[in-house]
Structures are given as C-alpha cells and as structure tokens.
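Subject: Two-chain model, with notes

Hello,

Here is the model we spoke about, for your files. My notes on it follow below.

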Amino acid sequence: MRRWAIHLAAGLALLWAHPAQTEEVVLGLSADKVSITTSFEGSEILIFGAVKRETPIPEGPPLEVIVTVAGPSAPLIVRRKEKRFGIWVNVDAVEVDRAPSFYAVVTSGPLRTVLRDIEDLRHKISVPRAIRSVGAPQSISDATLFTDALIRIRSRSDLYQLRESAVSVDEQTLFRTSVQLPAALTEGDYATRIFLTRGGQIVSQYQTTIDVQKVGLERWLFELSRGQPLIYGLMSLAIAIAAGWLASAAFRMLRT
Amino acid sequence: MQIYLPIAEVSVNAFLLLGLGGIVGVLSGMFGVGGGFLMTPLLFFIGIPPAVAVATEANQIVASSFSGVLAHFKRKTVDLRMGVVLLIGGLVGAALGVVVFNYLRAQGQVDLLVRLCYVVFLGVIGGLMFIESLNAIRKTRGGKPAPRKKHNWIHGLPFKMRFRVSGLYISVIPPLLVGVSVGILAAIMGVGGGFIMVPAMIYLLGMPTKVVVGTSLFQIIFVTAFTTLLHATTNYTVDIVLAVLLLVGGVIGAQIGTRIGVKMKAEQLRILLAMLVLAVCGKLALDLLLMPTELYAIGTAGGH
C-alpha cells in the first residue's frame with residue numbers, strides 16, 4: 001500500500017515536472033537536403049507537422065507554433081564609419097562572437113504574445129537573441145547599435161527573417177509553414193527548431209537539420225580550389241588564355 | 001538567368017555579368033587598360049565579396065589582355081623588348097605590393113587606403129591627361145603638329161638600350177622603375193595597372209601612343225597571371241565561374257574595342273580615357289566625402 005503510494009507520487013511528480021511530454025511534435029519537411037547547383041536560385045522549404053498527444057487538448061490559451069531555421073554561425077566584425085578630416089572612415093568596430101549566416105523565425109502569432117521574453121532568453125529564439133555579442137570594447141558605449149546594424153543589413157538581403165503569423169495552425173493539432181532560403185546561401189547544416197507554446201510558455205520542442213550542400217560542378221570546383229589551389233589557379237589561367245585566344249581567332253574568321 | 005558562384009557563394013544574373021564584361025572589354029581594347037579599375041568597383045556594387053572580386057578580376061584581365069595583345073601583335077604594335085623590361089619591374093613590384101598590402105591589413109584601414117590610392121592616382125593621372133590632350137587638340141587645330149619632347153633628364157641616365165619598335169634609345173632604369181611602381185600599385189589596388197602605365201609610357205618614357213597600348217597589355221598579362229596564382233594559392237578567392245562569365249563578355253568586347261581604337265585619333269583616345277578615369281575618381285571621392293546611407297559594414301573576423 002505504501003509502496004503503491006510512492007509510485008503514484010513519483011508518477012504525478014513526473015507528470016508535473018514534464019508537462020511538455022504530453023504534447024509532442026511529429027514533423028515533415030518538403031526537403032531535408034538542399035543542393036546548391038550552378039543554377040541555384042534559392043529554395044522554399046515547406047515545414048509541416050502535427051501535435052501528438054495522449055490526452056485531450058488542454059484548456060486555456062491556444063497552442064502556438066514557432067519555427068526557426070539557422071545557418072552555420074561564424075564570428076564577424078561590424079564597423080562603423082565616422083567623419084574624420086572631411087572623409088568617412090571606419091572608426092569603431094565591435095566583434096560579434098557568433099552570428100548565423102542565415103536565420104529565419106516564423107511564428108503563428110505576434111512574437112511577443114506567443115513567446116515570453118524569459119523563454120526567448122533561454123532558447124535564443126528571436127533574431128537579436130540568436131546573435132551572441134559580448135566583447136564590445138570599453139570605449140564603445142552604444143554596442144547594441146552595432147548588432148542592430150548587423151540585423152538591419154542582413155534583413156535587407158533576406159538573410160535574417162522574422163515572419164509573424166505565418167504559421168497556420170488547424171484545430172491546435174496540424175501546422176504548416178514555409179521558409180524561403182535566399183540564393184546567396186552558405187553551405188552547412190541548417191538547424192531547424194520547432195517550439196510549441198501555450199500562453200508564451202514553451203511546452204514542447206523539436207529539432208532537426210536541413211543539409212545545405214554544393215553538388216556537381218560547384219562541389220568539384222570548390223574542393224579543387226581548396227585542396228589543389230595551385231592546379232586550380234593554373235587551370236583558371238589556362239581557361240582565361242584559351243578564351244582570349246578563341247575570341248581573337250573567332251573575330252579573325254569573321255573578318256575574312 | 002541566375003547562376004550560383006561556387007567560391008563567392010552568391011547567386012547573380014549571368015547576363016548582367018556578360019554585359020559588364022562586354023562593356024569593360026570594349027574600354028580595355030580601346031585604351032589598352034585592363035579595365036580592372038572599373039570592373040573591381042562594379043563587382044563590389046553587385047554584391048560580390050571584395051576579396052573574391054579582386055582576385056577574380058585579376059584572372060579576367062589575363063583573358064581580355066591576351067585577346068587584345070594578339071590583335072596588337074598582328075599589327076606589330078607591341079614593343080616586346082620594352083614589355084619585358086617593364087615586366088621584370090612589374091613582377092618585383094607585385095611581390096613588394098603584396099608585402100605592403102599585408103602590412104597595411106595588419107594595421108587595419110586597408111580599405112580606406114585602397115580607396116584613397118584610387119582617388120589620388122585616378123585624379124592626378126586623369127587630370128594631367130585631360131589637360132594635355134586638350135592642349136594637343138588645340139595645337140593640331142591651329143595647324144601646328146604637337147611637338148614630341150625628344151630630350152629630357154631621362155636621356156642622361158646610364159644603361160642605355162635601343163627599343164626599335166618604339167623608336168627610342170633610353171636607359172632601362174626609367175622603364176624598370178615604372179614597372180616596379182605599377183606592380184606595387186597593382187597589387188595594392190587589385191587592378192592590372194594599365195591606367196597608370198599607359199600615361200607613364202607616353203609622358204615619362206616618350207613612347208608613341210600606338211605602341212603603348214599593345215606593350216602595356218603584354219606586360220599586364222604576366223603581372224595579373226602572377227597575381228591570380230598568388231590569390232588562388234593563399235586566399236582561395238579566385239572564382240572561375242565568375243571569371244568565365246566576365247571573360248566571355250570581356251574578350252568579345254576587347255576585340256571590338258581594339259578596332260574602335262584603331263579608327264580614332266590618339267588625342268581623342270586619350271581625352272576619352274582621361275574623362276573615364278576622372279569619372280571613376282569622382283565617384284570614389286564622393287563615396288568618401290558624402291555621408292554613406294549605411295554607416296555600418298559587416299566584415300569577417302580576423303582580416304579583411
């Protein structure tokens with residue numbers, strides 16, 4: 001009897017401790033691999049899924065979905081120009097420790113209502129949070145302006161995207177959305193995260209990767225330029241000289 | 001038609017690249033300049049990363065110069081002997097230039113220095129050429145042919161050599177020095193250097209304009225080939241797909257340009273080149289003087 005009570009208590013505790021387990025994501029992607037070919041013009045990836053649950057839909061605030069796709073991260077430097085001696089020159093610079101080469105956030109509602117700030121801080125979901133910048137020099141008091149600029153510049157070329165209310169959720173169970181990958185894409189593993197939230201609280205999360213890779217001629221040239229740079233350089237020169245000679249020969253034939 | 005560039009990692013319109021290559025190719029053939037001083041900024045503008053633009057441009061200049069020099073060889077307007085002397089200087093200069101470039105990069109602000117170099121050199125050369133050509137045109141209109149300066153301090157130097165094609169008997173020191181300084185500037189500014197060498201050959205060495213173009217193209221081929229290999233092996237920034245697209249447009253343009261150049265008078269050719277150089281200089285100067293629309297720029301950490 002006593003033993004049974006302990007089991008029940010443990011079970012209940014487990015249930016309370018992991019409320020997230022009651023709702024799980026079952027995911028589908030239109031493609032888990034993006035091949036960059038010579039005629040690559042960007043790619044649209046459809047992300048769709050369902051919420052699996054063993055219990056009825058909980059009462060309270062409705063289920064919301066947040067999808068993020070992040071390209072490989074790299075450190076970078078943001079520089080700011082100032083007028084010195086009449087000309088505009090780079091003066092201040094802030095190093096950003098990690099910034100994804102691509103980052104998209106797609107939500108089923110306004111970001112601030114579907115996600116609490118504290119959860120955003122913990123899981124680094126919104127665009128500014130996905131960028132990590134710590135080491136701004138003492139002399140720069142307005143370091144946030146530099147990360148703002150980074151986001152502004154990358155947003156302009158669709159490398160950073162925030163699309164609110166772009167995930168459609170049916171019956172709190174089925175959801176679908178799409179992420180547009182621009183043409184200027186870097187190779188690598190694109191981490192894709194799906195968060196289910198209720199009242200701004202994350203109740204479940206799911207993670208997968210989209211593999212973005214150069215293929216065919218692109219792959220071959222890239223490998224050659226890194227692995228055999230001298231041969232690659234000589235080949236480039238040979239092609240250049242051959243093209244120059246061909247064009248000149250072709251023109252001579254046209255003339256006569 | 002969009003095309004993805006494997007090294008630059010951007011997607012651009014193929015016809016835009018062909019067109020750019022063609023226009024710059026025409027100018028290159030007309031004036032005997034590689035066209036790098038025009039093409040490199042244009043490539044920045046369409047979103048090619050600067051490091052890739054500079055390296056690939058060197059490769060493309062090889063192609064357009066080769067095509068151009070063949071046309072000049074046919075007309076026997078290449079002074080091979082002078083070309084080789086300039087080339088020796090050029091290779092030494094290019095190697096020195098790379099050292100200077102890396103030193104400046106370690107100090108930061110290399111971008112600004114490159115731009116200032118452009119503004120100062122393009123401004124001075126463009127201005128001088130413009131004034132000189134205007135005077136020459138005015139004199140020929142007045143009935144008197146423009147006199148060629150036959151003797152100046154250059155003729156007093158030792159190690160004299162006969163350059164038959166140019167009709168010169170001068171010391172090898174000035175052409176060597178011209179080669180070295182052009183090589184240094186070429187490596188720093190990421191161009192072939194024709195726009196500096198052509199006026200230097202005309203005004204400093206006193207070479208006939210007809211020979212200058214072919215000879216400068218001859219020298220540029222080797223210096224830019226050297227630069228291409230240097231970039232390919234150290235920075236991995238030569239994008240062959242980009243280069244092929246530019247050079248297909250470029251070599252065709254260069255052929256057309258060479259033919260236009262033959263039909264035009266030397267003074268007209270020079271005044272047009274001067275105007276072009278001044279226009280590029282003005283644009284770059286404005287960029288430095290006017291407040292940019294975006295004050296911030298993203299750079300990769302640890303270099304560039």
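A:Leu76 sits in strand 5 (residues 73–84) of chain A; helices (H or I, at least four residues) and strands (E, at least two) are DSSP runs numbered from the N terminus. A:Leu76 counts as buried because 20 other C-beta atoms lie within 10 Å. The burial scale calls a residue buried at 20 or more other C-beta atoms within 10 Å of its own, exposed at 12 or fewer, and partly exposed in between, with C-beta atoms placed from the backbone. A:Leu174 is 98 residues away along the chain, and its C-alpha atom is separated from that of A:Leu76 by 39 Å.

This is a predicted model, in which local features need pLDDT of at least 70 and side-chain atom pairs count only at pLDDT 80 or more, while totals for chains, interfaces and linings use all residues. Residues are numbered from 1 along each chain as its sequence is written, and chains are lettered from A and ligands numbered from 1 in the order in which they are written. The scores are ipTM 0.73 and pTM 0.71. For chain B the mean pLDDT (the predictor's confidence in each residue, from 0 to 100) is 78, and 88% of its residues reach 70 or more.

Chain A

Chain A has seven helices and twelve strands. Of its 256 residues, 29% are buried. Among the contacts in chain A with a separation of 6 or more, 72% join residues 24 or more positions apart; a contact means that two C-beta atoms, placed from the backbone, lie within 7 Å.

Six residues of domain 1 of chain A are in contact with six residues of domain 2 of chain A. On the domain 1 side, the elements giving two or more residues are strand 2 (33–36) and strand 12 (201–214) of chain A. That side consists of one nonpolar, four polar and one charged residue. Here Ala, Val, Leu, Ile, Met, Phe, Trp, Tyr, Cys and Pro count as nonpolar, Asp, Glu, Lys and Arg as charged, and the others, Gly among them, as polar.

UniProt, in an unreviewed entry, lists residues 230–251 of chain A as "transmembrane region". UniProt positions are in the numbering used here, feature names are shortened, and annotations may be inferred rather than shown by experiment. In the model this stretch of chain A, residues 230–251, is 100% helix and 0% strand, with its end C-alpha atoms 32 Å apart.

Contact between the chains

The contact takes 47 residues from chain A and 48 residues from chain B. On the chain A side, two or more residues each come from strand 5, strand 6 (87–100), helix 5 (143–156), helix 6 (216–227) and helix 7 (229–255). Helix 7 of chain A gives the most, with 15 residues. The chain A side divides into 28 nonpolar, eleven polar and eight charged residues.

Chain B

The unreviewed UniProt entry places "transmembrane region" at several stretches of chain B, including 112–131 and 211–230. Residues 112–131 of chain B are 100% helix and 0% strand, with end C-alpha atoms 28 Å apart. Residues 211–230 of chain B are likewise 100% helix and 0% strand, and there the ends are 29 Å apart.

Helix 6 (residues 173–189) of chain B is mostly covered, with 13 of its 17 residues buried.

Regards
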